Amino acid sequence: MTAERGATPGRFLVLEGVEGAGKSTQARRLAEWLRGRGLPVVETREPGGTGVGERIRELLLHERGPQIGAPTELLLVLAARAAFVREIVKPALEQGAWVVSDRFAPSTFAYQGFGRGISRDRIAVLNDYATDGLLPDLCLVLDLPVEDGLARKSGGGPHDRIESEGLDFLRRVRRGYLTMAGEDAQAVVVPAGGLPEEVERLVRREVSDRMAGAWNAPSGQPRPSAKPRREEK
Ligand code: T5A
């Protein structure tokens, strides 16, 4: 299966990071900013976005019954992703939209891979099937210490199933994001410990530096896919 980075007229931007890093906040702000530039924007999130995805999200985050083991958790996030890519992301990209997603495949490598210990090679094979080879044009990893992210959320009710895994688990996840960002030319680490406005400024700067060629390109023109997929390196 061939990689599909930049193979459609639209652009696919993903925000990643540990719990409370500010992904939803920055995804919203980024989408508004892009709309202000006259670009068609689809804002979405994972797991979720589709009917089946929202039901899987509920299971993953709030299931209080029998324990969900790591293989089951992996296959659930990928099942949600298969619908997400086919029902939301690809159709939007084919119509020339800029898709801004709060989480995508890097979450699976970080949480199920670095966090749960499932091998990256195994995840890569299954994820490739779920995504039909789709890769983000740009992945912004919002980075801050996991304690700071959890503290931001402490007023927001009880922790969900994954947040409750504890600090060691979340530190492995953070380390995973930083490791992967160092290996992927389409990923960038954005320090996320500052005020929302400061983080927004950094996000805009990265998007401007890396994507300006795309919003100046004639409408409907695919950007050539240049980078190898992570698992092909
Ligand atoms: N998951 C997901 C997997 O295990 N594998 C996968 O493949 C996928 C796709 C999803 C869970 O599923 C797991 C990972 C997750 O555990 P989620 O709710 O989408 O759950 O993810 P969370 O990280 O839990 O999302 P949050 O909404 O809690 O965090 P965000 O989006 O990073 O943060 P945000 O923007 O909602 O902000 C949190 C709070 O901080 C404030 C906000 O106002 C808000 O109150 N805030 C700031 N405060 C100070 N300074 C800033 N710069 C701030 N930015 C935001």
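**Note on the predicted model**

1. In E3, tryptophan 98 is the bridge partner of arginine 11. The model under review is a predicted one.

2. The two strands are part of an open sheet of 5 strands with parallel pairing, ordered E2-E3-E1-E4-E5. Strand E2 (41–45) and strand E5 (187–191) each have a single partner strand and stand at the edges, so one side of each is left without a neighbour in the sheet. On average, and with direction ignored, neighbouring strands of this sheet are turned by 20° against each other.

3. Helix H1 (residues 23–36) packs on this sheet, where it touches E1, E2, E3 and strand E4 (138–143). The direction of H1 makes about 155° with that of E1.

4. The largest pocket holds about 690 Å³ of space. It is lined by 34 residues, of which Glu19, Lys23, Arg57, Asp102 and Arg103 are the closest to its centre. Two or more lining residues come from each of H1, helix H2 (51–62), helix H3 (70–94), helix H4 (105–115), helix H6 (146–153) and helix H8 (196–216). By class, the lining comprises 13 nonpolar, 9 polar and 12 charged residues.

5. Most residues other than glycine have a negative phi, and most peptide bonds are trans. Arginine 103, in the loop between E3 and H4, has a positive phi of about 85° although it is not a glycine. The peptide bond from glutamate 46 to proline 47 is cis, with omega near -10°; proline 47 lies in the loop between E2 and H2.

6. H6 also packs against helix H7 (residues 167–183), at an angle of about 115° and with the axes 9 Å apart. Val146, Glu147 and Leu150 of H6 meet Leu167, Leu170, Arg171 and Arg174 of H7 in this contact. Its composition by class is 4 nonpolar, no polar and 3 charged residues.

7. As to confidence, the chain averages a pLDDT of 89, and 87% of the residues score at least 70. Over residues 223–233, however, the pLDDT is below 50, although this stretch has 26 contacts in the model beyond near neighbours in sequence. Where pLDDT is low, the predicted coordinates should not be read in detail.

Methods
Residues are numbered from 1 along each chain as its sequence is written. This is a predicted model: local features need pLDDT of at least 70, side-chain atom pairs count only at pLDDT 80 or more; totals for chains, interfaces and linings use all residues. Side-chain values use heavy atoms; hydrogens and water are left out. Two strands pair if DSSP finds at least two bridges between them. Helices (H or I, at least four residues) and strands (E, at least two) are DSSP runs, numbered from the N terminus. Axes are lines fitted to C-alpha atoms, for helices over the stretch in contact, and angles run from 0 to 180 degrees between N-to-C directions. Contact means heavy atoms within 4.5 Å. On a 1 Å grid over the protein atoms alone, a cavity is a set of points where a 1.4 Å probe fits but cannot get out, and a pocket is an open set with protein on both sides within 12 Å along at least five of seven lines; lining residues have an atom within 4 Å of a point. Grid points are joined across faces, edges and corners, and a volume is the space filled by probe spheres set on the points. Ala, Val, Leu, Ile, Met, Phe, Trp, Tyr, Cys and Pro count as nonpolar, Asp, Glu, Lys and Arg as charged, and the others, Gly among them, as polar. pLDDT is the predictor's confidence in each residue, from 0 to 100.
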